[in-house]
Amino acid sequence: SREADERTRLLPPPAATTPREGFLSPDDPAVTPYNLWSIRLLRYFTVLFAIITFLWWVLLLISIFVSPPGMHSRGSGFFDFSYTTLTLGLLLIGLLFFSTPSTAAQVSCFVIAVILLVDMIIIVSVGQIRLEEGWVGIASVVWALLISTWTVFTDRAVAWGKHEEEERLTGRQETRRTLGEWFSVLISTIFLVVIAVVAILLSATLILRVRDASLLAPGRKYYVDGDKYRIHVFCEGNKIDSKGRELPTVLFEAGETPFEYTMIKIAQNSLKNGSISRYCYADRPGIAWSENAPSPFSAATAASVLSEALARAGEDGPWVLASAGIGSIYSRVFSSRQGGEVHGILLIDPLHEDLLYRVGSAKNGFLYWAWGIISPLGIDRIPAAIFKGRTRQDRVYGRSSYQNGKYIKAKLQEALVADSLTKDEVRSSRNIQWKSVPLALISSGINIGKDGAWEDKQKDLSHLTNNLTSWDIVSKAPSEVWKTADGINTIEKRLKELV
């Protein structure tokens, strides 16, 4: 051996960097938990669960646009999609960082599991929520709970396997991590914290839904379409006047927003001042208290289920149909199917079928879909409830109803078929419509003034029947004409004449 000099070590190399005789270095690639068949089996099962979850995720995505047989949800269908997306995220993170278990990941997954357990209990125990979610929603949240529990179990099992292999192959458990391992732990923890925040937001929105479900409907809900879902119908007033004559019932069809928030003022004022003796309205599927219909859902389907709901409610006309905006599209199809039972039609700034392309544009469809996907997070509903004092009335039928997942699903369904099925059905209804029915048309002065196409189509709608009794253009009135004093006076006047 060479003589000692200033470079000669005084102490032997540390054991951490020099493997002991018969053992491997901790950095050797052979030191891995994958040596254990049980760990490999856990990974195989995780891959299998990821494949199953992905297939379920794709099926739920398709069901938003077209409802497969037996998979219709009376709610929006966005909640079960959110739970499945969360589940898929957990599985992908578990697979990407399978060999780098950490206490932070285990704690995060445990917190997520507890939150999902609370969600499952709420969905199963609250009757209205259970009906809206159906078996699809319940299965999705249960699967999410099972997978979150599975991720905790696999992470702990991999940590155990890692320690076992280190003791067997290096002679001791490794307490340090490489820079790459620390980076993996950091990234996985960040993703899991994000998922935990998503789970918390889902729970908060679910609690708001429970609160909203406690708001009783003013009318009754009737099963339609083979008892797949329920339509809310409300009627008020008497069909017989003071002289014993039977008068028509005014059947209202709201436009873009729920009737209870907009046209209810017209109905109540007209009933109070004697312009009408009785009125009814039905919320379209997904609006206010009505449940969502299967997709696709066109104007003809809406007219069919409205007829069925009215029949089950014991309401059989005769009718004076009063509709506004896009509601006139549905009302016209309904009118064509009722024949002689319709004694008058009042169109309030109606949408023409040739302008349905504005409703059914690809941009509108995508925005409604994207809005619906993130709606379970309650990004708008939760702050509005906490900081702006929005009540359950606001969320069910009021100024915040547009934030409701059911409403968004209804508008998405409307946009998907507006320029195809619905447009063809309305054109056909025009040929079937009885030409002798009295027709009153009220148009927005603002819309006519700024949109030449709107003015031309209003003129065309004045020829819907051969018995136009009046056409009023209310100056300085928006599309919701009743928001002005002149508008509501004109509407009440024309209703009285038609009745």
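These questions and answers cover aromatic pairs and cavities in a predicted model. Local features need pLDDT of at least 70, side-chain atom pairs count only at pLDDT 80 or more, and totals for chains, interfaces and linings use all residues. Residues are numbered from 1 along each chain as its sequence is written, and side-chain values use heavy atoms, with hydrogens and water left out.

Colleague: How many aromatic pairs are there?

Modeller: Rings of Phe, Tyr and Trp (its six-membered ring) pair if their centres lie within 6.5 Å. Planes under 30 degrees apart count as stacked, over 60 as edge-to-face and the rest as tilted. By this rule the count is 18 aromatic pairs.

Colleague: Is the pair of Phe234 and Tyr279 stacked, edge-to-face or tilted?

Modeller: The centres of Phe234 and Tyr279 are 6.2 Å apart. Their planes make an angle of 55°, and the pair is tilted.

Colleague: How many residues apart in sequence are the parts that Phe234 and Tyr279 tie together?

Modeller: Strands here are DSSP runs (E, at least two residues), and helices are too (H or I, at least four), numbered from the N terminus. Phe234 lies in strand S2 (residues 229-237) and Tyr279 in strand S4 (residues 278-282), so the pair ties together parts whose separation is 45 residues.

Colleague: Is Trp289 buried or exposed?

Modeller: Buried means under 20% relative accessible area, exposed over 50%, partly exposed in between (1.4 Å probe, protein chains only). Trp289 has 9% relative accessibility, so Trp289 counts as buried.

Colleague: Which ring does Arg209 lie over?

Modeller: A charge sits over a ring if NZ of Lys or CZ of Arg is within 6 Å of the ring centre and within 35 degrees of the ring normal. Arg209 is at 4.7 Å from the ring centre, over the face of Phe79.

Colleague: How much space lies in the largest cavity?

Modeller: On a 1 Å grid over the protein atoms alone, a cavity is a set of points where a 1.4 Å probe fits but cannot get out. Grid points are joined across faces, edges and corners, and a volume is the space filled by probe spheres set on the points. The structure holds 7 cavities of 30 Å³ or more. The largest has about 210 Å³.

Colleague: Which helix gives the largest share of the lining of the largest cavity?

Modeller: Lining residues have an atom within 4 Å of a point. The largest cavity has 19 of them, including Ile93 and Phe97. The largest share, 5 residues, comes from H4.

Terms used. On a 1 Å grid over the protein atoms alone, a cavity is a set of points where a 1.4 Å probe fits but cannot get out, and a pocket is an open set with protein on both sides within 12 Å along at least five of seven lines; lining residues have an atom within 4 Å of a point.
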